[in-house]
Every structure is written in structure tokens, then in C-alpha cells.
Amino acid sequence: MNIPKKEKYQFQSETKQILDLMIHSLYSNKEIFIRELISNASDAIEKIRFQLLSQKNNTIQNMKMKIRISINKQSNTLMISDNGIGMTKDEIIQNLGTIANSGTKKFLHSINSKKLKNNELIGKFGVGFYSSFIVSEKVIVKTRHHTELEPNNSILWESDGKGEYTIKKTNKKDFGTDIELYLKNTEIDFLENWKIKNIVCKYSDHISIPIEIQEYDEKNKVFFWKQINKAKALWRIPKSEITDNEYQDFYKNLSKSNDEPLSWIHNKVEGTQEYISLLYIPKKSDWNIWNFDSIKNGLKLYIKKTYIMDDANQFLPNYLRFIKGIIDTNNLPINISREILQENNVTKILKKSLTKRILTLIKNLSVEKKEKYKIFWKEFGLIFKEGIAEDIENKNQIAELLRFSSIQSNGKEQELSLQEYVNNMSKNQTKIYFLTAENYHTANTSPHLGIYRKNNINVLLLYDKIDDWMMNYLTEFKEIKFQSINKIDDDFEKTFNTSYKKENITEEMQEFLKKIRIVLKNEIKSVQYSNKLIDTPCALITEKDAMSTQMSKLFLAAGKKIPPLQYILEINPMHPLITKIISNQNDKNINTWIKILFDQSLLAEKGSLDNPNIFIKNINQIFMHQ
Ligand code: ADP
Ligand code: MG
């Protein structure tokens, strides 16, 4: 008998280094070797399919393509076989003995084993196959290239992953590749069928090639092959062939919940960027959506049909983090790491394109499915508002989708769009008016609102924490400027019929302002008579560019040091209380009155006083002298 000659080779030095790194760093996530080997097998099958397509070779074309996993508990071996393209001797040396990618050297120099820990960097440079050494003391690869007509010329590659490998000829009946893992004694867990099945379902359920595992039929005492993956990627099926029910079931699987999705969008894009996306808007937000340390989105990344990662948040902006779904692309290398994904140009292009798709989906809901849009806004409006600051490019589109409550709307529900507001503006009105406050009721009863109500001009009421921050970025809508009604408004006179004329201010009234300036010298920036106030004696406003009260509260709550706000005190000269005080200016309590006026304006504006006791004392003093 002709004993085949065994040839000994050394791994390329970098290869050895990667092997060492990998074995030591990937301990917590060993199971990924199955994903890597299945992904290679699936690639090999894709390649042969492609070859056969061009060759029109009917004999092999009719062969059933499959990946098979068999377990042998006697020999502690796990074998993954495919009937894919196979490798020639040169190819096996090239593919399994060296690292083709020149970037690998740089990569190795820049990395330490700590960084490799979270499995994400592994294989970025084509080291996927080596992950089999994490669990194996020896790996044997038997392969027969699809052009090799002589079974005896098949190749057997063998290594313990310690620096050397050998190659010899062997006999292999079928085309394709068998990867046989001789598991370490500590890894015999992987000899359990159920365990393998679980791992395959987790990572490779949607690989389009059937994966079969060998099972034993106790009754008939025979082995048989059982398919364990679905081998059918829903998102790769044409839209017209998928029922709503199937979409919904798929969502339930994906979100691990029983809820139905609010809506979804399924696209296949061809051309330079090839991808398929299936994106869902849920009905409810996840409990941890506000937990910024664990920002997740339920977007799964598939590359070339292989599951790569959950929470691929690189593909969506933060303000769309509630979206769940799949992105499947052929334009990225299969073993890309999260860090590299982030910087990748393809990722950036896909992110842009997915964002547009989702905004279109949301827009469609707002136009065609108003009831659903209400649910969307209630559940995700708060997060969605972040988009105004985060996504400059789509700001206008996001602004159109915002919803507000207003002084003319029914209660606190946020249902009014900016477009509707603009459509109903009155003749002289040139701005979109808004007011921010701590909560809806404070907003809706604000002293600033009087004149707008009287003139039948609508004011948006903003009472979510994020609103002030958002309004810093939202300065106009369709070229109409926003105006906060508790800030100075230069166009006020043009728009409103004011209730008093400057000429009517008497000397007595001037005198009163002077007194206020003295008493509140350290508290306010200035004081003036206002033509805006209706039922209130006084109120506070700020300069156009000043920080708003709500914003300053947020800063203070976050422990930031900010200078005190510089308020302008506005006095309503028509209010009976003010006329009464003015006519009794010689009252010895005048200073107390002034302090009370200021404190009550501050209370209305801020909701609290630095020292409420002084306010109470002042009020009591006035009561006692009545
Ligand atoms: P990658 O898959 O990223 O290229 P791997 O380390 O997983 O990196 O595999 C290296 C190469 O080895 C593959 O590109 C392929 O050419 C070859 N290879 C691995 N497994 C198989 C297989 N089952 N059949 C054919 N070729 C394979
Ligand atoms: Mg691979």
C-alpha cells in the first residue's frame, strides 16, 4: 500500500500569535467557534452554487447542499461537514496557514489580549477558522476541491494549533470539507446534541442552507439526519409572499414578546449598496430605553446571511433606538468588529439610509394611520424629540412629525403638529409662540398667556424635560421663527392690540418703578411696565438669548454651577392690585409689597423659591396691617 507522505509546515508567525491570543482571550465566549465554522461552510456552499450557476453542470447542480454536524462521544469529536467548494492543497496552505490580509500585522501590533476579550475583534482579519482551537486540542480538515476528480487526491490538514500543521493526501468520497474537532477534555459539553442545536439556532437559524445534526433513533437502532435550522430567512423572501401574520410572528420572535408591532417596513436595496432591511416600530418601549449605560436597540446585523450581532446600534441614530429589526448586507466583511463597524463608511451610508426609511414609515403613520400615530407619539415621542438636536440633516422632517399640546387644544394630549399650528395662525402673526414649564398645568395657567388668549392666538405648551433643550435647536419651522413667550419679543407691538399706551404712564407710576429698582437692586436686571399681562399684576421674562428658567433648573438639578438668571420684572399697570399699591406709595409697607410682587412672579416662573419663609413672613406682615 502506498502510504501518503506527510508534509510538515509552520504557521506564519502572526498566525501563531493570533492563535495564542484567541485561545487565551475568548474563554467566556467559546461557542462562537460553531458560528465561525458554519459560516465558512455556508460560504463554501455559496461559492460552489455560484460556480455551478455559470457552468450549468447538472449532475452536481441537483445535489442537495447542506451542512452536517455529527458528534462522536467515544472519540470526543465534533465534525462539521459541507459539500461546498472544497480546497486544493495550495488553497489550504494559503487559507489556513497564513493570514492573507496585510492589515493583520498592524492589527496585531495595536492590540493586546484584553481588547480581544469580547469576541468582537476576533476574526476581523480572517481568523475565524482558528476559533476552533479555543475548544480543540487537535483539528483535522479533510477537503476535496470541486475540480478534483480523484478521491485519493483529497487533502488532510492537521494541527494542534501550537505552531505547526501537517498536510497529506487522503481519500474523501464526496466533494467539500469536513472539519473535525478533537475537543479538549474540558470542553466535552459540546458533545451534547441539545447544546449544539441551541447554539445553531442562536447564530445560524436564518442561514439559507439546511444544517443537519446526526441523531439516533433508539427504537429502530439507526442514525438519521435531522434539520435543525429554519434555513429560511424571512427578510430574504419577497414581500409579496409574506403575510402580515408571518411578519407579526417574526417580530414576536425577534422581540421575545407577545406584543404585535405597531408597524413595519421591509426593503431590498440593490446597486452599489446592497442590503435588506426589515424594521419594526414596537407598540411599547423597552423598560431600559432610558438607561443610557445600556442603550440598546433591537437591530440585528446579518452579513452575508450570517448572524453577526444583536444591538447593532451603529446603524441607527440614538433617537430611533426603539426600532427593532434586521439589517442584512453583503457589503461588509463577515467578521467585522463593533469598533470598526462604527468607523466604516458602509455603516455610515447604511445608517443614513435606514434613518430615511424609518422616518418615511413614521411619516406614513402620521398621515394614514392617525390612531397608530397617537400610540407612537405617546410611547416614543419623548425619545423622538432628541432627533431635533441629534439629526441636523433630517431636522425638518422630524419637526413635521412633532406633536404638541397648546392653549387651544383639549387638555394635555400632544396632538397638534407644527403644520396645523402654522395653518391656523392669525393674520398679523409672524411667529410660532411657545411656553416651556415644569408640567402641563403650570404651563396652561401661566400668567404670560393672558394676552394670547385674549387675542385668540395659539401658544404651544411644552412641559417635557427635554423640551427646552430641543427648542435650542428648533429655531424655525418652514421659515417661521419660534418665540418663547417669556422672553423679550421685538415684534410684539406689531402683532397685538396692546392694552395701554406708553404716554399714559404718570409720574406716580414712574416713581413706583424707581422704588422697585432700589428694593430689588440685587435681584433683577430691570423693571418695566408691560402691555402683555392681563389678569396678573406682574411676571418675569428674560432677554432673547438668555437661558430659560426650565433649562437652568435642569442644570442645577444636574449639579452644574450656573450664574443666577437675570430676570426682567414686568408690571401690569392696569391690574387693580398695582393701581392700589401705586396710589398708596407712602404706605410704610411699600418695600414689603415690592418683595411680595417679585417673589410671586418668581414662584409662578420657577415653581419654587430659594427661601419660602421670607415670602410667607412678608405676606403675613401685609395681612396684619390690612
Ligand atoms: P474568513 O471566513 O473570514 O475568510 P476564516 O478563518 O474563517 O476567515 O477562513 C479562512 C479561509 O479558509 C476562508 O476564506 C476560506 O477560503 C477557507 N475555508 C475555511 N473553511 C472552509 C470550508 N469549509 N470550505 C472551503 N474553504 C474554507
Ligand atoms: Mg470565516
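Visitor: Phe33, buried or exposed?
Guide: This is a predicted model, and in it Phe33 has 0% relative accessibility, so it counts as buried. The cut-off for buried is under 20% relative accessible area.

Visitor: And which ring does Phe33 pair with?
Guide: With Phe190. The ring centres are 5.1 Å apart and the planes sit at 85 degrees, so this is an edge-to-face pair. Phe190 is at 4% relative accessibility, so it counts as buried too.

Visitor: What about Trp235 and Tyr302, how are their rings arranged?
Guide: Tilted, with 4.6 Å from centre to centre and 55 degrees between the planes. Trp235 lies in the loop between strand 9 (222-227) and helix 8 (244-255), and Tyr302 in strand 12 (residues 298-303), so the pair ties together parts 67 residues apart in sequence. Trp235 is buried at a relative accessible area of 1%, and Tyr302 is buried at 3%.

Visitor: How many aromatic pairs in the whole structure?
Guide: The search finds 29. There's also an aromatic cluster whose members are Tyr9, Phe11, Phe129, Tyr130, Phe133, Trp157 and Tyr165.

Visitor: Back to helix 7. Which of its residues are buried?
Guide: Asn193, Lys195, Ile196, Ile199, Val200, Tyr203 and Ser204. Looking down the axis of helix 7, the buried residues fall within an arc of 160 degrees, so they line one face.

Visitor: Why would residues three or four places apart point the same way?
Guide: Because an α-helix has 3.6 residues a turn.

Visitor: OK, new topic. Which residues touch the most other members of the largest nonpolar core?
Guide: Ile281, Phe315, Phe376, Phe384, Tyr452 and Leu460, in a core of 73 residues. Helix 10 (residues 345-368) gives the most to this core, with eight residues. Apart from that core lies another, of 51 residues, including Ile23 and Val135.

Visitor: What does Ile281 touch?
Guide: Leaving out residues up to four places away in sequence, its contacts include Pro261, Phe322, Leu361 and Phe376.

Visitor: Last one: what's the strand order in the five-stranded open sheet?
Guide: The order is 15-17-16-19-18, with mixed pairing. Strand 15 (405-406) and strand 18 (476-477) are at the edges with a single partner strand each, so one side of each has no neighbour in the sheet. Strand 15 pairs with strand 17 (residues 460-462) in the antiparallel sense over two bridges, and Ser405 stands opposite Leu461 in strand 17.

Methods:
Residues are numbered from 1 along each chain as its sequence is written. Chains are lettered from A and ligands numbered from 1 in the order in which they are written. This is a predicted model: local features need pLDDT of at least 70, side-chain atom pairs count only at pLDDT 80 or more; totals for chains, interfaces and linings use all residues. Side-chain values use heavy atoms; hydrogens and water are left out. A nonpolar core is a set of buried Ala, Val, Leu, Ile, Met, Phe, Trp, Tyr and Cys residues joined through side-chain atoms within 4.5 Å. Buried means under 20% relative accessible area, exposed over 50%, partly exposed in between (1.4 Å probe, protein chains only). Helices (H or I, at least four residues) and strands (E, at least two) are DSSP runs, numbered from the N terminus. Contact means heavy atoms within 4.5 Å. The arc is that of the directions from the helix axis to the C-beta atoms. Two strands pair if DSSP finds at least two bridges between them. Rings of Phe, Tyr and Trp (its six-membered ring) pair if their centres lie within 6.5 Å; planes under 30 degrees apart count as stacked, over 60 as edge-to-face and the rest as tilted.
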